[in-house]
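Please read them alongside the model.

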Amino acid sequence: MRSGSCIASKADYDCYTMHLPFSVILKKKRINYIRSQLEKLHPCFSKDMTIKSRLKLKRGGVVSDVVVMNSYKLEEYHNRYPGRKIWLNEVQDTFEDFGKKKRLLRLCILFLVLAGLLTISYFSIDSQSIEENVDETLNSDVVASEKMCAAKDILQIIADSKSLITHLEIIADYKGESFSFITQGLYPEALFDYLSLIELSQTDYINGIPNLTVKSSYSPKNNLVHKIDIQKFILFRDLLKMYGCQIVNESLENSHIKVKLQKSKELEAVLEKLKEKLLECNCGVRKIKIDSGKADELLMEIIFEDNSLVVPFDGIKGDLFKRNMTEELPNVSSSKKVQIFQMQEKLDGKMPGVKLGEIHRKNGTTVTFYKTPAGKIIKEEK
């Protein structure tokens, strides 16, 4: 470790290696490309992050090593260790100096790339934009992931408290973000730290269990919808079917699909596979909605979007959802009634079995119920 440096905890920063297309090698495009990749890779990437990058030339092309640290955490280090640089063990360099090594090599890389770009007529080169280091806090025009991080945290709080949800809806795109959960068993004080980001409904107690709706606001700038290519839509549909989802309905016009998943415990695996394919195809999810269905079923709706930076699946697990038994109970009750009235036997004056109870009617008659040694339930009217 260099003298005059302090060691940063690995939990306070993240490192990534990205392959860069030649078309984004200039600073402005490169910054935007790195941001878009971090939106996909970093779980809580937002405008509060500071990033630094270092270019490298490898056999496969140009790559960029990227270090990400929360700006507030960086400031905290500087306040705690004034005048000292922040050492990052993982990259064997200081945060301040990361990207300043091998300047000659990087200049050669840029020279070769620029020479190639000059041969292609549709690339325009601004010499003033050729700078090496990416060292800035993200601008406010980049979509902040604060709400998506809050949604993930709240889902974890619900899981840790052994609470359940019956409805989940997350909207996430470049226009705005929101989420809504209907919970059972979650007390409002568990979300005290998130009151600046969410709205809580009145808490209703049903059989002593708190029922609460948690939601955040959503203010889209416009109503533009960026639907995906039909071949990509078919690819995602086939993937969902492959992993056990039954198609309920779909709309190619707005890239919407609704599916039924028979076993809720398989939800996390399905979403993980779908996320991999989405990132591979440079697509995202504009909206996901999940509701508890009959028994252990889940009903899931997804709206896909092209060139989106967000796939809001983090924290969504099948065991968070409450099983809906309301459609099964009436069937059980009615079957017992059928058994009682269909299995009557003619009495011969002897008690047919154990007396279960009796009903006295207003007309003076009495109905007595018995359970026979064979387990049948019969009645006697007098």
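In E14, which residue is the bridge partner of Cys 245?

1. The partner of Cys 245 in E14 is Leu 261. This is a predicted model, in which local features need pLDDT of at least 70, side-chain atom pairs count only at pLDDT 80 or more, and totals for chains, interfaces and linings use all residues. Residues are numbered from 1 along each chain as its sequence is written, and side-chain values use heavy atoms, with hydrogens and water left out.

2. Strands E13 (residues 245-251) and E14 (residues 256-261) run antiparallel and are joined by six bridges. Strands (E, at least two residues) are DSSP runs numbered from the N terminus, and two of them pair if DSSP finds at least two bridges between them. The hairpin of E13 and E14 has four residues between the strands, and Ser 255 there takes a positive phi near 55°.

3. E14 also pairs with strand E16 (residues 298-306), in the antiparallel sense over six bridges. Leu 261 has Leu 298 as its bridge partner in E16.

4. An open sheet of mixed pairing is formed by three strands in the order E1-E5-E6. Its edge strands, E1 (5-7) and E6 (93-94), each pair on one side only. E1 pairs with E5 (residues 85-88) in the parallel sense over three bridges; Trp 87 in E5 is the bridge partner of Ile 7.

5. Leu 200 lies in strand E10 (residues 199-200). Leu 200 counts as partly exposed because its relative accessibility is 31%, the class between buried (under 20%) and exposed (over 50%), with a 1.4 Å probe and protein chains only.
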